Amino acid sequence: MDGCLMKDMHRLKGLRAYLAGPIDNAADDGVTWRIEMTKFLEPLGITVFDPCKKPLAYAKYKEVEEEKKKMMQLKETGRYFELTERMKDIVHVDLRMDVGMFGTIHELLNSLAQRKPTLVVINGGRARAPNWLFGIMDYNFMFDSFEDLQIFLNQIDDGTIGGDLSRWVFFSN
């Protein structure tokens with residue numbers, strides 16, 4: 001969109017969002033923030049993909065709750081081959097600087113390489129973001145809180161934000 005303001009367009013309706021972020025080292029498996037963001041995104045007409053909820057009948061491994069405990073036990077007992085075999089069925093951005101997030105970095109880099117709109121919430125704000133992050137993505141798409149992200153998404157949805165949205169594809173509803 002060429003920077004023009006388009007009011008009341010509901011531009012996010014029909015789009016999809018993947019909720020990338022730490023699972024392995026998150027205290028609650030990263031479930032809580034995903035539930036809250038889903039409650040916000042779905043009323044906007046956005047289809048949400050939550051890696052903590054795999055709705056597929058053939059998804060053998062859930063990565064959270066009991067399955068997470070099983071995988072962590074394999075790691076603790078040195079059964080790496082078995083862990084590797086289990087993880088092949090799982091393709092795992094909330095950037096928490098205080099937990100390991102290697103899958104999240106992989107997801108972030110893939111999203112940016114595929115030129116998808118990539119919005120990142122950084123625990124502690126942009127001031128705590130690693131310097132390399134500023135080198136690979138636009139800081140305007142980094143947010144200090146989920147509330148700031150939600151404000152931004154509402155402004156995209158109602159058309160009050162113009163600017164560089166070149167990675168976004170909006171459909172006529």
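Q: Is Phe146 buried, partly exposed or exposed?
A: In this predicted model, Phe146 counts as partly exposed, because its relative accessibility is 24%.

Q: And which ring does Phe146 pair with?
A: Phe146 pairs with Trp33, and the pair is stacked because the ring centres are 5.2 Å apart and the planes stand at 25 degrees. Trp33 itself counts as buried, with a relative accessibility of 9%.

Q: How many aromatic pairs does the structure hold?
A: The structure holds three aromatic pairs. One of them joins Phe143 and Phe152, whose ring centres are 5.1 Å apart with the planes at 50 degrees, so this pair is tilted. Phe143 is buried, at a relative accessible area of 7%, and Phe152 is buried as well, at 11%.

Q: Which residues form an aromatic cluster?
A: Phe141, Phe143 and Phe152 form one aromatic cluster.

Q: What else does Phe152 touch, leaving out residues up to four places away in sequence?
A: Leaving those out, Phe152 touches Leu119, Phe141, Phe143, Ile161 and Trp168. Phe152 also belongs to the largest nonpolar core, a set of 30 residues, and is among the members that touch the most other members, together with Leu12, Leu41, Leu119, Met137, Leu153 and Trp168.

Q: Which elements give two or more residues to that core?
A: They are helix 1 (31-41), helix 4 (102-113), strand 4 (120-122), strand 5 (142-143) and helix 6 (146-158). As general background, nonpolar side chains in soluble globular proteins tend to be buried together.

Q: Stepping back, how many helices and strands are there?
A: The secondary structure of the protein comes to six helices and five strands, and read along the sequence these follow the pattern β-α-β-α-α-β-α-β-α-β-α.

Q: How much of the protein counts as buried?
A: Of its 173 residues, 42% count as buried. The accessible surface comes to about 10,300 Å², and 55% of that surface belongs to carbon and sulfur atoms.

Q: Are Asp50 and Arg34 buried or exposed?
A: Asp50 is buried, and Arg34 is buried too.

Q: Where do Glu36 and Lys39 sit relative to each other?
A: Glu36 and Lys39 are three residues apart in helix 1, which means that they are separated by about one helical turn. Their side chains meet in a salt bridge, at 3.5 Å from N to O. Glu36 is partly exposed, with a relative accessible area of 43%, whereas Lys39 is exposed, with a relative accessible area of 54%.

Q: Which residue forms a salt bridge with Arg126?
A: Arg126 forms a salt bridge with Asp144, and their closest N and O atoms are 3.8 Å apart. This pair also links distant parts of the chain, with Arg126 in the loop between strand 4 and helix 5 and Asp144 in the loop between strand 5 and helix 6, 18 residues apart. Arg126 counts as partly exposed at 30% relative accessibility, and Asp144 counts as partly exposed at 39%.

Q: What about the backbone: what is the phi of Asp29?
A: Asp29 has a positive phi of about 65 degrees although it is not a glycine. In general, most residues other than glycine have a negative phi. Asp29 lies in the loop between strand 1 (16-18) and helix 1, and it is buried, with a relative accessible area of 11%.

Q: And where is Arg115?
A: Arg115 is in the loop between helix 4 and strand 4. Its phi is near 60 degrees, a positive value in a residue other than glycine, and Arg115 is partly exposed, with a relative accessible area of 48%.

Conventions: Residues numbered from 1 in each chain as written. Predicted model: local features only at pLDDT ≥ 70, side-chain atom pairs only at ≥ 80, totals over all residues. Heavy atoms only, no water. Phe/Tyr/Trp six-rings, centres within 6.5 Å; stacked < 30°, edge-to-face > 60°. Buried < 20%, exposed > 50% of the residue type's maximum accessible area, 1.4 Å probe, protein only. Helix = DSSP H or I, 4+ residues; strand = E, 2+ residues; numbered from the N terminus. Areas by Shrake-Rupley, 256 points an atom, 1.4 Å probe, with all protein chains shown as cover. Core = buried A, V, L, I, M, F, W, Y, C linked by side-chain atoms within 4.5 Å. Contact = heavy atoms within 4.5 Å. Salt bridge = Lys/Arg side-chain N within 4 Å of Asp/Glu carboxyl O.
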